[in-house]
Amino acid sequence: MKKHNTGYLLIHGFSGSRREIDSLVTKLNECGLPTAIPLLAGHESTRKDLARSKYTHWIQSVLDAYVDLEKRCNNVVVIGFSMGGLLGIQLCQVHKIQALVLINTPIFYGNTKRVILNLRCDFRFYVRKYLNSSANVPPLRAIIQFVILLHKTKSLLANIKCTSMIIQTLDDDTVKPKSANYLNSRIAGPKVLKTYPIGGHVVFQSETGDKISAELCCFLQELERQNYKPN
């Protein structure tokens, strides 16, 4: 007998860590929603480990986590942040997912225009931020694997038939906001698009992240009520 009706699989981003989505995980747990947060292969480790990892290894990390969570739940909802959204789309190709949430998921990346606007707005703050980021640029091999994953995922959107929520911050300086429009126009199943004016890329480290977490909890709880299946 399975303990929970629905489990929530949360996937962190490229070259990031599970800490990126800590506040979202905390909010979901406070709402009584069981979560699983896999560590993607090569992440939260050394640059050499990240360079040795391939996009297929990242997919396998997610597949393994899904199999474990599915043993404990009747349904699985996938929530992907940044590249985690791409991995969620890949997961939908091999397993039946109740719902898919994509948060700042890249289709078009490298938002130079937003970087310039940020520097004009608060030069001292953002120049420090970007200098710190440049010191932690992922290995080239890992970047190539990310690009391959993106290329292989774009063609799969028409296969997504489950309910989807697409979330995008408009001041994202990593992912171009038009990525959300692309996802919204090509995902086949029922979906909702929500945009937020501020929050940056790593949105769950901002006040906007708290708002998104609260609204997402309401959305997921309503979805749970609609699809409740007694054990």
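About 30 Å³ of space lies in the largest cavity of this predicted model, a cavity being a set of points on a 1 Å grid over the protein atoms alone where a 1.4 Å probe fits but cannot get out. Grid points are joined across faces, edges and corners, and the volume is the space filled by probe spheres set on the points. The structure holds one cavity of 30 Å³ or more. Its lining, meaning residues with an atom within 4 Å of a point, is made up of Met165, Ile167, Lys194, Tyr196, Ile212, Glu215 and Leu216. At least two lining residues come from each of β5 (163-169), β6 (191-196) and α9 (207-226), and α9 has the largest share, with three. Helices (H or I, at least four residues) and strands (E, at least two) are DSSP runs, numbered from the N terminus.

Before we go on, a word on the ground rules. Residues are numbered from 1 along each chain as its sequence is written, and side-chain values use heavy atoms, leaving out hydrogens and water. Local features need pLDDT of at least 70 and side-chain atom pairs count only at pLDDT 80 or more, while totals for chains, interfaces and linings use all residues.

Now to the packing. The largest nonpolar core has 40 residues, and those with the most contacts inside it are Leu9, Trp58, Met83 and Leu87. Such a core is a set of buried Ala, Val, Leu, Ile, Met, Phe, Trp, Tyr and Cys residues joined through side-chain atoms within 4.5 Å, where buried means under 20% relative accessible area (1.4 Å probe, protein chains only). Among the elements giving two or more residues to this core are β1 (4-11), α3 (55-70) and α4 (83-92); α3 gives the most, with eight residues. A second, separate core of 23 residues includes Leu10, Leu24, Leu33 and Leu223.

Leu24 brings us to helix α1 (residues 22-30), where Leu24, Val25 and Leu28 are buried. They lie on the same side of α1 because they cover an arc of only 100 degrees around the axis, taken from the directions from the helix axis to the C-beta atoms. The buried residues of α1 pack against β1, β2 (35-36), β3, β4 and α9, with contact meaning heavy atoms within 4.5 Å. Just after α1, Gly32 takes a positive phi of about 80 degrees.

Finally, look at Gln98, in the loop between α4 and β4. Gln98 is buried, with a relative accessible area of 14%. Leaving aside residues up to four places away in sequence, Gln98 touches Thr6, Asn75, Val76, Val77, Cys162, Thr163, Leu223 and Asn227.

How values were computed
Buried < 20%, exposed > 50% of the residue type's maximum accessible area, 1.4 Å probe, protein only. 1 Å grid on protein atoms, 1.4 Å probe; cavity = no way out; pocket = protein on both sides within 12 Å on 5 of 7 lines; lining within 4 Å.
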